[in-house]
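Thank you all for making time this morning. I would like to walk through one structure with you, so please have the sequence and the model in view as I speak.

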Amino acid sequence: MIKFAFMINRIDGMTFEEFVEHHRNRHAPLFTSIPEARQYVKKYTVSHPVPAEGYPSPAYDGLTEIWFESWADHDAFFASKNYKELVNPDESRFIDMNSVAVMVTEERVVV
C-alpha cells in the first residue's frame, strides 16, 4: 500500500471555517464522485486540527490522505480526465498550492 499525506493550508482571504466547509462538503464529495476514485483509491480521508491543550499550534489547516494499492493505480488516477478536469481545478479554489507539503509512505505494521 502506498500512502500519501498532503498537508495543506487555506488560500489568503478564506477563514478556517470556510476552508473546512469547502474541503469536507464540496471537495471531498467531488473527489469521491468520479469513478476513478472507486476504481483506484483504497482510502481517502480529510482531517482538520482540533484544539489540543499542551500541544503546539497546528502548522497546517488540513490533511488529506490518499492510499493506493500500487504506483500504477496512483498514475492512472492522477492521469484520468475526470481528475484533471473536475477535481484538480477545485484544489486551487481553497488550497494555497505553494504551501502544500507531501509525505509518501509505505505502511509497515509494528503492533
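Predicted model: local features only at pLDDT ≥ 70, side-chain atom pairs only at ≥ 80, totals over all residues.

W71 is placed in helix α3, which covers residues 71-79, and W71 counts as partly exposed because its relative accessibility is 45%. On that scale buried means under 20% relative accessible area, exposed over 50%, and partly exposed in between, with a 1.4 Å probe and protein chains only. Helices (H or I, at least four residues) and strands (E, at least two) are DSSP runs, numbered from the N terminus.

Residues are numbered from 1 along each chain as its sequence is written, and side-chain values use heavy atoms, with hydrogens and water left out.

Helix α3 also holds D75, which counts as partly exposed because its relative accessibility is 44%. D75 and V41 are 34 residues apart in sequence, and their C-alpha atoms are 11 Å apart in space.

Now to the salt bridges, of which the structure holds four; the term means a side-chain nitrogen of Lys or Arg within 4 Å of a carboxyl oxygen of Asp or Glu. One of them joins the side chains of R10 and D61, at 2.8 Å from N to O. That pair links distant parts of the chain, 51 residues apart, with R10 in the loop between β1 and α1 and D61 in the loop between β2 (41-47) and β3. R10 counts as partly exposed because its relative accessibility is 27%, whereas D61 counts as buried because its value is 13%. Another salt bridge brings together the side chains of D90 and R93, at 3.5 Å from N to O, and D90 is buried, with a relative accessible area of 6%. E106 also forms a salt bridge with R108, their closest N and O atoms being 3.4 Å apart, and here both E106 and R108 are exposed.

The loop between β1 and α1 also contains G13, which is exposed, with a relative accessible area of 82%. G13 and L86 lie 73 residues apart in sequence and 23 Å apart in space, C-alpha to C-alpha.

Finally, which residues lie nearest the centre of the largest pocket? They are F6, I66, Y83, E91 and I95, out of a lining of 14 residues. The elements β1 (2-8), α1 (16-33), β3 (62-68) and α4 (81-91) each supply at least two residues of that lining, and α1 gives the most, with three.

Technical notes: 1 Å grid on protein atoms, 1.4 Å probe; cavity = no way out; pocket = protein on both sides within 12 Å on 5 of 7 lines; lining within 4 Å.
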